[in-house]
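Have the sequence at hand as you go.

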Amino acid sequence: MKDIMRIKCLLSADVEVLLNQQIKKEAHSSSLYLAMASWCNRNGFDYSADYFFKQAEEERMHQLKFYKYVLDMGGVAISPEITNIKNEFNSFREVFEEALEQEVNITQSIKNIAARCYKESDFVTLEFLNWFFKEQREEEYKARRALELFEVIGEEGTGRWEIDKHVGKIEYTSEAE
């Protein structure tokens, strides 16, 4: 029966594994952003806490998109166990440095899935991944801009308060179509 199910699955076993790994990475991102929101909240950065709560929800939505895609293609989606989430950060700036690093890692992971799909001529999954490439362009832009606020505004005096105020206002509007 397993062989019959694999024939009905539109995903190769390798792509299915990569997609399930991506599901876990998206879930990890969501949990990490919740931890960042909690840290910001505890340290009086309310606007940044709200920003990271929204980011956590977006990552959960991304996780579900991947999850449902695997199921729609006849694969087996695996609900991931998420452990080892960092809850403490050394500074306000470190939170945003790690957020950018997380987004860059997610983009690279999606590129790796796409590379495998090209190798296998899995154009259906490639088309699905296009939405995520556009989304990652926005996510990396927002993370870079947030981190740039530390340079533009500075952290001295009321600097962190000003940075906190501006984080939630960052938008990606330069669509390259």
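**Aromatic rings and a helix pair**

Ring pairs join Tyr-33, Trp-39, Phe-45, Tyr-51, Phe-52, Phe-89, Phe-92, Phe-96 and Phe-150 into a cluster. Rings of Phe, Tyr and Trp (its six-membered ring) pair if their centres lie within 6.5 Å; planes under 30 degrees apart count as stacked, over 60 as edge-to-face and the rest as tilted. This is a predicted model, where local features need pLDDT of at least 70, side-chain atom pairs count only at pLDDT 80 or more, and totals for chains, interfaces and linings use all residues. Residues are numbered from 1 along each chain as its sequence is written, and side-chain values use heavy atoms, leaving out hydrogens and water.

**Aromatic pairs**

- The structure holds 16 aromatic pairs.
- Tyr-33 and Phe-52 are stacked, at 5.8 Å centre to centre with 25° between the planes.
- Because Tyr-33 lies in helix α2 (residues 13–42) and Phe-52 in helix α3, this pair ties together parts 19 residues apart in sequence. Helices are DSSP runs (H or I, at least four residues), numbered from the N terminus.
- Both Tyr-33 and Phe-52 are buried, meaning under 20% relative accessible area, with exposed over 50% and partly exposed in between (1.4 Å probe, protein chains only).
- Trp-131 and Phe-132 pair edge-to-face, 4.9 Å centre to centre and 85° between the planes.
- Trp-131 counts as partly exposed at 34% relative accessibility, while Phe-132 counts as buried at 0%.

- α3 contacts α4 (heavy atoms within 4.5 Å) through residues including Tyr-51, Phe-52 and Phe-66 of α3 and Phe-92, Phe-96 and Ile-110 of α4.

Terms used: Helix = DSSP H or I, 4+ residues; strand = E, 2+ residues; numbered from the N terminus.
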